[in-house]
Amino acid sequence: MPQNEHIELHRKRYGRRLDYEERKRKKEAREAHEHAAKAKKVRGIKAKIFNKERHAEKVQMKKTIKAHEEKLNKQKEAKAAPEGAIPAYLMDREGQSRAKTLSNSIKQKRKEKAGKWSVPLPKVKSMDEADVMKVVRTGKSKRKAWKRMITKHTFVGEGFTRKPPKFERFIRPTGLRVKKAHVTHPELKATFSLPIIGVKKNPSSPLYTQLGVLTKGTIIEVNVSELGLVTTGGKVVWGKYAQVTNNPENDGCVNAVLLV
């Protein structure tokens, strides 16, 4: 177990203090008074920085409140008025539709959903740390256990230099490093062996992305200059994203599908 998780473990086993909720509520209630006291005391450049931060917080708060206030609003329709006589009591209703305004958060979610890649594997099983890393014991009596050896395929980049073995926390074995991937173009129905440029995102963990661990579902960037792909503007496409579709540790190679 990592040394910094003992508090979380204790909380899971024994729960929180009985007065935790009350203390939390009181602390939150005091915050406004503490802010006011600090605003009175602070001077000079610190005052400017403090006021700028508070202003940004207030703006964000107002935006959030406004987003959550769903109101019924009237909107004029773009259609032209119907031909013929209209009764007086219908004059004010002409060309209006009542629509509920969606909160900004919902709109934002919709935008994000529309902007996401339609990947071949939308859901993959998350990899546990025990599956990806092996504990390496060090020291004279093998008591120290802060080193980890990665047991999956990794990509480390062109100009990679190892740290001195004494200080290296994450060991990436040379035998498990890969430089090329077998990338299938879904429209051409052909597979090419392309050089990997980098690891864009590993769905299991940001740490695995940083270390360049290649597991099923990982988004990688590959060099597609060999394929001769061209943009609408006439420029040659150099790098494109692809998703790993196999388990590289089982097959000994990386198979991926190009995201087009």
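Me: Which residues gather in a patch of positive charge on the surface?
Reply: Arg23, Lys26, Lys27 and Arg30 do. Keep in mind that this is a predicted model.

Me: Where does Lys27 lie?
Reply: Lys27 is in helix H2, which covers residues 20-41.

Me: And is Lys27 buried or exposed?
Reply: Exposed. The relative accessible area of Lys27 is 53%, and the cut-off for exposed is over 50%.

Me: New topic: the sheet. What is the order of the three strands?
Reply: The order is E3-E4-E5. The sheet is open, and its pairing is mixed.

Me: Which strands stand at the edges?
Reply: Strand E3 (133-138) and strand E5 (170-171). Each has a single partner strand, so one side of each has no neighbour in the sheet.

Me: What holds strands together in general?
Reply: Strands of a sheet pair through backbone hydrogen bonds, either parallel or antiparallel.

Me: OK, E3 and E4: parallel or antiparallel?
Reply: Antiparallel, over five bridges. For one of the residues, Thr138, the bridge partner in E4 is Lys144.

Me: How many residues are between the strands in that hairpin of E3 and E4?
Reply: Five. In this hairpin, Gly139 takes a positive phi near 95°.

Me: Now E4 and E5. In which sense do they pair?
Reply: Parallel, over two bridges. Strand E4 covers residues 144-150.

Me: What is the bridge partner of Arg148 in E5?
Reply: Phe170.

Methods
Residues numbered from 1 in each chain as written. Predicted model: local features only at pLDDT ≥ 70, side-chain atom pairs only at ≥ 80, totals over all residues. Heavy atoms only, no water. Patch = residues over 30% accessible without salt bridge, like charges linked within 9 Å, V, L, I, M, F, W, Y side chains within 5 Å. Areas by Shrake-Rupley, 256 points an atom, 1.4 Å probe, with all protein chains shown as cover. Salt bridge = Lys/Arg side-chain N within 4 Å of Asp/Glu carboxyl O. Lys, Arg positive; Asp, Glu negative; His and termini not counted. Charge placed at Lys NZ, Arg CZ, Asp CG, Glu CD. Helix = DSSP H or I, 4+ residues; strand = E, 2+ residues; numbered from the N terminus. Buried < 20%, exposed > 50% of the residue type's maximum accessible area, 1.4 Å probe, protein only. Pairing = 2+ DSSP bridges.
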